[in-house]
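This report describes selected local features of one protein model.

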Amino acid sequence: RRDFATDDPGVSPVLAQVRQRWLARIAEGDLAESDSLDLLDAYGIATPSRRLSRSREDACLAAAAIGFPVVLKTAEHGIAHKTEAGGVHLDLRDGAAVAAAYDDLARRLGPAVLVQEMVGKGVEAALGAVN
């Protein structure tokens, strides 16, 4: 963290502000998946559309707003390996499918979910860091 806290004349003022805002956020503690995606967005790296939800109704509204198909993932704190926990439902194509997936995740893992745009085939990249 200290390596990035100094003023760097090669960094634009906009990026310097983004960096300072995110350094402060990171100092508060671990980032959730949605926070990490927001960080990438802040640096201009495209990520899928998404919305956090804590109810079946909100998840269905979020899916309709994002556009089908969508993915529903648990957003409960402490579940790092969502797939292994059975915390991901892919290719949900309508409100009924979203409602059923939400009910399953809420019952087993808790009510917080991330409704996310379903993206096409490609390369998935994961990044982890420890300070």
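## Contacts and setting of Lys 73

Leaving aside residues up to four places away in sequence, Lys 73 touches Glu 33, Lys 82, Gly 87, Val 88, Leu 105, Ala 112, Val 113, Leu 114 and Gln 116 (contact: heavy atoms within 4.5 Å). Lys 73 belongs to strand β2, residues 70–74. Its relative accessible area is 15%, so Lys 73 is buried (buried: under 20%; exposed: over 50%; partly exposed: in between; 1.4 Å probe, protein chains only).

Helices (H or I, at least four residues) and strands (E, at least two) are DSSP runs, numbered from the N terminus. The model is predicted: local features need pLDDT of at least 70 and side-chain atom pairs pLDDT 80 or more, whereas totals for chains, interfaces and linings use all residues. Residues are numbered from 1 along each chain as its sequence is written, and side-chain values use heavy atoms, without hydrogens and water.

## Surface around Ile 45

Ile 45 is located in the loop between α2 (33–42) and β1 (50–53). Because its relative accessibility is 44%, Ile 45 counts as partly exposed.

## Backbone features

Pro 69 is placed in the loop between α3 (56–66) and β2. The peptide bond leading from Phe 68 to Pro 69 is cis, with omega near 0°.

Asp 91, in strand β3 (residues 88–92), has a positive phi near 55° although this residue is not glycine. Most residues other than glycine have a negative phi, and most peptide bonds are trans. With a relative accessible area of 34%, Asp 91 is partly exposed.
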